[in-house]
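Hi everyone, thanks for coming.

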Amino acid sequence: MDVNTKALIGAVAGTCAMTSAFAYSRRDWLKDQWLAFISPAIYNFLTGTTREQRALKYLKEHAREGDPDSVLETFDEFCRTQEWAMNAAEEKGDILDEIVRELRPTTCLELGTYCGYSAVRIARQLSPSARLITVEVNPDYAAVAREVVKLAGLQDKIEVINVDSGDVIRELKDKYDVTKLDLVFLDHWKYLYIRDIKLIEEEKLLKKGSVVFADNVIIPGAPGYLEYIRGSKNYKSTFYSVHFEYMDDMKDGVEKSVYIGDE
């Protein structure tokens, strides 16, 4: 590494440290943006790793293998003390836990696996015969998710699929032997929420009592989806105002929609 490169890296690192300290001390919107988006990109450049890879390394070093609760708690710890990550945690996780406990689903579909946090959260409460199909279009995220699922000891309950969500929905009946879905968790690209819920309806994958749970309907937001789901006579929807994951100063929202239409 030549002198100019070392100087550049030093300057960038120094600027990062000062900006981070300033933002953190203020504990405001700037801090949240720094922790969530700017800082990880700089760390990625400086270390040659991704935030998701660093999270997996932390989990393998600190979580108890085969213990889903330990994996979740350690992931929360990483996000609170090391780097922010987009997990359906804390208040959102509590609502998701309650839905799974009350619904006792046998077949679940998650769109947007990311690193597998919510997949582990759901699957740890499923009965021995139940299963979760979780879809992640990003191959790097999917690879990390498979490792997280394995670390939690839930690889027999969770199937991580690295394909576009629309393709998976169309193939659920023929390729994945799914007749009906008890629980659908939407947590992928927000503009795809409305496309994919319509595909699920077209494929007649919902039954009376099925629950569709949508994350991040305020930040970054899914206005088209909310307008559609709330305006449909086939759903009874409830909105929950919650904090954005791991950020005490930002409010988000989740939407629980119970299917009451014809099967």
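Let's start with a question: in which helix is Glu90 found? Glu90 is found in helix H5, which covers residues 90–103. When I say helix or strand, I mean DSSP runs, numbered from the N terminus: H or I with at least four residues for helices, E with at least two for strands.

Before we go on, a word about what you are looking at. This is a predicted model, so to speak of local features we need pLDDT of at least 70, and side-chain atom pairs count only at pLDDT 80 or more, while totals for chains, interfaces and linings use all residues. Residues are numbered from 1 along each chain as its sequence is written, and side-chain values use heavy atoms, with hydrogens and water left out.

Now the overall picture. The protein has 11 helices and 7 strands. Of its 263 residues, 49% are buried. Buried means under 20% relative accessible area, exposed means over 50%, and partly exposed is in between, using a 1.4 Å probe and protein chains only. Two residues are in contact when heavy atoms lie within 4.5 Å. Among contacts with a separation of 6 or more, 72% are between residues 24 or more positions apart. The protein exposes about 12800 Å², and carbon and sulfur atoms supply 53% of that. Those areas come from the Shrake-Rupley method with a 1.4 Å probe; for residues, only the protein chains shown count as cover.

Back to Glu90. Is Glu90 buried or partly exposed? Glu90 counts as partly exposed because its relative accessibility is 28%. Leaving aside residues up to four places away in sequence, Glu90 touches Arg80, Arg121, Glu245 and Tyr246. Take Tyr246: Glu90 and Tyr246 are 156 residues apart along the chain, yet their C-alpha atoms are separated by 7.5 Å. A polar atom of the Glu90 side chain also lies 3.1 Å from the backbone nitrogen of Tyr246.

Please stay in helix H5 and find Lys92. The side chains of Lys92 and Asp252 meet in a salt bridge, at 2.7 Å from N to O. Lys92 lies in helix H5 and Asp252 in strand E7 (residues 251–259), so the pair ties together parts that are 160 residues apart in sequence. A salt bridge here is a side-chain nitrogen of Lys or Arg within 4 Å of a carboxyl oxygen of Asp or Glu. Both partners are buried: Lys92 has 1% relative accessibility, and Asp252 has 2%.

What else does Asp252 meet? A polar contact of 2.9 Å joins its side chain to that of Asn216. A polar contact is a pair of N or O atoms within 3.5 Å; within protein, one must be able to donate a hydrogen and the other to accept it, and residues adjacent in sequence count only if both atoms are side-chain atoms. Asn216 sits in the loop between strand E5 (206–214) and helix H10 (217–221), and Asn216 is buried at 5% relative accessibility. Not counting residues up to four places away in sequence, Asn216 touches several residues, including Lys92, Asp187, Lys190 and Asp252.

Two of those names belong together. Lys190 forms a salt bridge with Asp187, with the closest N and O atoms 3.3 Å apart. Lys190 is buried, at 15% relative accessible area, and Asp187 is buried too, at 14%.

How many salt bridges are there by this rule? The count comes to 20. Another one joins the side chains of Arg51 and Glu52, at 3.8 Å from N to O. There is also a network of salt bridges linking Asp69, Asp94, Asp97, Arg121 and Arg124.

Next, the cysteines. The structure holds 0 disulfides, a disulfide being a pair of cysteine sulfur atoms within 2.5 Å. For Cys115, the nearest cysteine sulfur is that of Cys79, 8.5 Å away. Cys115 is buried, at 1% relative accessibility.

Last stop, the surface. Tyr191 lies in the loop between strand E4 (181–186) and helix H9 (193–202), and counts as exposed because its relative accessibility is 61%. Together with Val137 and Trp189, Tyr191 forms a nonpolar patch with about 400 Å² of accessible area. Patches are made of residues with over 30% relative accessible area and no salt bridge: like charges are joined within 9 Å, and nonpolar side chains (Val, Leu, Ile, Met, Phe, Trp, Tyr) within 5 Å.
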